[in-house]
Amino acid sequence: MAIHYPNGGLFTTKNSASKKSRANNTIYGKRGMSLEDEINESNKYYLSAGIAVIHKKPTPIQIVDVYYPKRSAAVIKKAYFKQASTTDYNGVYRGHYLDFEAKETKNKTSFPLSNFHAHQIKHMKACQDQAGICFMIVKFVTTDQVFLMPADILFDYWDAQATGRKSIPKAVIERDGFEIDYALQPRIPYLKYVDLLLEK
């Protein structure tokens, strides 16, 4: 199956695309960027190209102490989070509400569930109940691999924590998620894989 994009690109499903040599798809510029920076840059491209409107959510804080060294300047000396945050990103793509979290790990063989919080799981489940599209973008820092992981994988492992499992095996993410190859514009072309979620 092939999917065509406004910029003329062509994407095939992971069964054929994931077999490509990673050496042929490596983008050497801008190494060392955080996953958040890479996604923010990608979202700017999607916005400027008229493809999607997706933003990082600001974390609400309560300021309790401000120092004014002069009238035209203020320095926040003390603040705290007003409420638990939900997820990192949300927006609209092709008429669908997207809500997702971005996480990194230095683990080589699994993704720890400790990277997530109960209120985030509750929020994503509520979004999916309203037909929203929820997922995670996870990065294995050691191998420099990035995956789009459907939220249902996270839900299954989160709900099964009572059995003793405290992480999601990387093999499961590779099998049931989508490995994202770095590109130039956008750097992380994750919406290509969102299209596959929308087809389900």
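The model is predicted: local features need pLDDT of at least 70, side-chain atom pairs count only at pLDDT 80 or more, and totals for chains, interfaces and linings use all residues. Residues are numbered from 1 along each chain as its sequence is written, and side-chain values use heavy atoms, with hydrogens and water left out.

**Overall make-up**

- The chain has six helices and 12 strands; helices (H or I, at least four residues) and strands (E, at least two) are DSSP runs, numbered from the N terminus.
- Of its 200 residues, 41% count as buried, where buried means under 20% relative accessible area, exposed over 50%, and partly exposed in between (1.4 Å probe, protein chains only).
- About 11,400 Å² of the chain is accessible surface, and 52% of that belongs to carbon and sulfur atoms; the areas come from the Shrake-Rupley method with a 1.4 Å probe, and for residues only the protein chains shown count as cover.
- Among contacts (heavy atoms within 4.5 Å) between residues at least 6 apart in sequence, 64% join residues at least 24 apart.

**The nonpolar cores**

- A nonpolar core is a set of buried Ala, Val, Leu, Ile, Met, Phe, Trp, Tyr and Cys residues joined through side-chain atoms within 4.5 Å.
- The largest nonpolar core has 27 residues, of which Ile 39, Phe 135, Leu 148, Tyr 190, Leu 191 and Val 194 touch the most other members.
- Two or more residues of this core come from each of helix H2 (35–48), strand S6 (89–93), strand S7 (96–105), S9, S10, strand S12 (178–180) and helix H6 (191–199).
- H6 gives the most to this core, with six residues.
- Another core, of 20 residues, lies apart from it and includes Cys 127, Met 149, Ile 153 and Phe 155.

**Two residues, Ile 39 and Asn 43**

- Leaving aside neighbours within four places in sequence, Ile 39 is in contact with Tyr 89, Phe 100, Ala 102, Ile 137, Ile 188 and Tyr 190.
- Asn 43 is found in helix H2 and is buried, with a relative accessible area of 5%.
- Not counting residues up to four places away in sequence, Asn 43 touches Ile 54, Tyr 89 and Tyr 190.

- Seven of the nine residues of H6 are buried, so H6 is largely enclosed by the rest of the structure.
- Those buried residues of H6 include Leu 191, Val 194 and Asp 195.
- In helix H4 (residues 151–159), the buried residues are Ala 151, Ile 153, Leu 154, Phe 155 and Trp 158.
- Their cover includes helix H3 (118–129), strand S9 (133–140), strand S10 (145–150), strand S11 (167–169) and helix H5 (170–176).
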